[in-house]
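Hi,

Here is the structure I promised to pass on to you.

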Amino acid sequence: MDSVGFGTWGIHSRDINATLRAAVAAGYRTFDCSPLYKNEKAVGNTLAALMSEGVIKRRDVFLTSKVPPTDACSRNRTFKLLRQTLRDLRTTHIDLYLVHWPFCKIVVEDPPLVNQLGYSAAQLRETWKTMEEIASRRLARSIGLSNVGVNRLKALLAAPDLRVPPAVVQVEHHPFNANRALRRFCASTQPSPIRITAYSSLGSSERPRKYQSGQQPLLEDHTLVSVANALGTTPATVALAWALRGGVAIIPKSTQPERIVANRREVLAISPRLSAQQMEALDSLDRNFHYLSAAWRSYAWRPGMSLQELYDDPDPGSQSSWLATLIQFALVLAVAAACSREHQRRLNTVSKRLSEIQAAERMSIDWHSSRVADIHRHALLSQSGESQPESPTPSQTSSWSHVA
Ligand SMILES: NC(=O)c1ccc[n+]([C@@H]2O[C@H](COP(=O)([O-])OP(=O)(O)OC[C@H]3O[C@@H](n4cnc5c(N)ncnc54)[C@H](OP(=O)(O)O)[C@@H]3O)[C@@H](O)[C@H]2O)c1
């Protein structure tokens with residue numbers, strides 16, 4: 001598989017001949033197809049014509065096709081569809097066969113949704129068994145997945161009876177959606193890394209109207225434009241070159257001859273010229289944004305599903321760390337409650353003690369006042385020559401001393 005291939009989604013069958021001839025002349029040999037693009041027959045006819053004209057040989061061409069989600073869960077339907085694709089592309093084998101979306105028909109009971117597409121790890125494993133059979137029968141030289149998140153990919157790879165790991169994962173990838181976790185994981189797989197192919201790496205500006213909702217066009221982004229100006233090229237070239245420099249294969253689609261040429265030649269030339277600072281600036285645009293999010297939403301199999309739930313399952317590791325955080329939080333609350341009880345107890349003791357002191361003070365003041373009165377009375381009686389009353393004993397005085 002070449003690192004720069006050619007996308008065929010959205011090209012009308014009547015335009016395939018001229019477009020593919022321009023692509024082959026520009027050096028493309030890897031073609032991304034699908035029966036869902038409704039032009040595989042035209043692609044097959046054009047490539048067969050180019051082969052019979054001696055322009056290309058089958059062994060030089062790398063053909064990718066995909067099994068659609070409506071068919072992927074049935075072994076028979078998958079084989080039926082694959083045979084149709086082989087007939088349409090006029091070949092005996094596919095070089096790379098992908099599961100287009102990791103979804104199957106599922107029956108949801110609450111609320112009742114019959115034949116709704118949905119994801120389940122067990123069903124993807126079943127689909128993958130059919131893919132493994134296709135690979136073992138050499139109908140596909142390699143097999144892979146599309147639109148799969150890193151945690152679903154990990155779950156598939158963890159299947160104890162897995163025989164053939166995916167060779168390629170094809171996902172939406174551009175500076176607004178850099179797929180860091182997926183790239184890191186795919187680069188680390190053994191015995192060989194899983195290759196990533198980017199789709200919609202130009203922002204899929206001509207995606208069907210139903211998938212458009214006023215999102216910012218990728219190619220108008222300020223950083224892309226300024227990097228392009230600095231390198232004397234176009235934002236489209238920069239977006240594609242950025243993906244290539246990140247080790248991701250690209251399959252841009254165009255029907256315009258000059259763009260077809262630029263998307264390969266200029267991109268291959270510009271990619272090594274992107275400086276570390278320019279790569280950093282482009283990396284910083286990542287915001288996990290999907291231009292095809294409306295396509296994902298149409299697959300929601302539970303009311304109110306978030307896009308995040310549609311794209312991937314939560315990381316089981318982060319779930320356990322989430323649980324650990326919850327436990328820590330509960331412990332902090334319990335300690336805080338215990339501290340607050342102890343604090344209250346101490347407050348009660350202090351306030352009781354204060355009340356005792358105040359009472360004692362009041363008594364002391366009363367005693368001092370009566371003592372002063374006694375002294376005055378004593379002085380008056382002395383002056384008048386009458387006998388003196390007794391002064392308080394030392395034991396009486398010491399009984400107040402603790403409140404001084
Ligand atoms: N696995 C999947 O689920 C999936 C999903 C989507 C796409 N794909 C594959 O990926 C391929 C590419 O993705 P995509 O078709 O969504 O979109 P894309 O390649 O991001 O963008 C294609 C659009 O950009 C325009 N364009 C091409 N080169 C350009 C340039 N140099 N400057 C400015 N505009 C340019 C094209 O218009 P012109 O034709 O007028 O040049 C076309 O409208 C598809 O064709 C398909 O093979 C796979």
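The chain has 16 helices and 10 strands; helices (H or I, at least four residues) and strands (E, at least two) are DSSP runs, numbered from the N terminus. Please keep in mind that this is a predicted model: local features need pLDDT of at least 70, side-chain atom pairs count only at pLDDT 80 or more, and totals for chains, interfaces and linings use all residues. Residues are numbered from 1 along each chain as its sequence is written.

Of the 404 residues in the chain, 34% count as buried. Here a residue is buried if 20 or more other C-beta atoms lie within 10 Å of its own, exposed if 12 or fewer, and partly exposed in between, with C-beta atoms placed from the backbone. Among contacts with a separation of 6 or more, 74% come from residues 24 or more positions apart; two residues are in contact if their C-beta atoms, placed from the backbone, lie within 7 Å.

The sheet

An open sheet of 8 strands runs in the order S1-S2-S3-S4-S7-S8-S9-S10, with parallel pairing. Two strands pair if DSSP finds at least two bridges between them. The edges are strand S1 (6–7) and strand S10 (249–250), each of which pairs on one side only.

Strand S2 (residues 30–32) pairs with S3 in the parallel sense over 3 bridges, and Phe 31 stands opposite Leu 63 in S3. Strand S3 (residues 62–67) is mostly covered, with 5 of its 6 residues buried. Further along, strand S8 (residues 168–172) and strand S9 (residues 195–199) are joined in the parallel sense by 5 bridges, with Val 169 opposite Ile 196 in S9.

Helix packing

Helix H2 (residues 40–52) packs on helix H4 (residues 75–89) at an angle of about 40°, and their axes are 7 Å apart. Axes are lines fitted to C-alpha atoms, for helices over the stretch in contact, and angles run from 0 to 180 degrees between N-to-C directions. H2 and H4 are therefore oblique to each other: angles under 35 degrees count as roughly parallel, over 145 as roughly antiparallel, 65 to 115 as roughly perpendicular and the rest as oblique. On the H2 side, Glu 40, Lys 41, Val 43 and Gly 44 meet Thr 85, Asp 88 and Leu 89 in H4. The residues of this contact divide into 2 nonpolar, 2 polar and 3 charged, where Ala, Val, Leu, Ile, Met, Phe, Trp, Tyr, Cys and Pro count as nonpolar, Asp, Glu, Lys and Arg as charged, and the others, Gly among them, as polar.

The axes of helix H8 (residues 222–231) and helix H9 (residues 235–245) come within 8 Å and cross at roughly 100°, which makes H8 roughly perpendicular to H9. In this contact, Leu 224, Val 225, Val 227, Ala 228 and Leu 231 from H8 meet Pro 235, Thr 237, Val 238 and Ala 239 from H9. The division here is 8 nonpolar, 1 polar and no charged.

Ala 281 sits in helix H12 (residues 276–283) and touches Thr 223 and Val 227, leaving aside residues up to four places away in sequence. Ala 281 is 57 residues from Leu 224 in sequence, yet the C-alpha to C-alpha distance is 8.8 Å. With 17 other C-beta atoms within 10 Å, Ala 281 is partly exposed.

In helix H6 (residues 150–157), the residues Val 150, Asn 151, Leu 153 and Leu 156 are buried. Their cover includes helix H5 (121–136), strand S7 (140–146), S8 and H7.

Backbone details

Most residues other than glycine have a negative phi, and most peptide bonds are trans. Arg 90 is not a glycine but has a positive phi of about 55°; its place is in the loop between H4 and strand S4 (94–99). Ser 200, also not a glycine, has a positive phi of about 50° and is found in the loop between S9 and H8. Arg 90 is partly exposed, with 17 other C-beta atoms within 10 Å, whereas Ser 200 is buried, with 23. A cis peptide bond, with omega about 5°, joins Gln 190 and Pro 191; Pro 191 lies in the loop between helix H7 (180–188) and S9.

Best wishes
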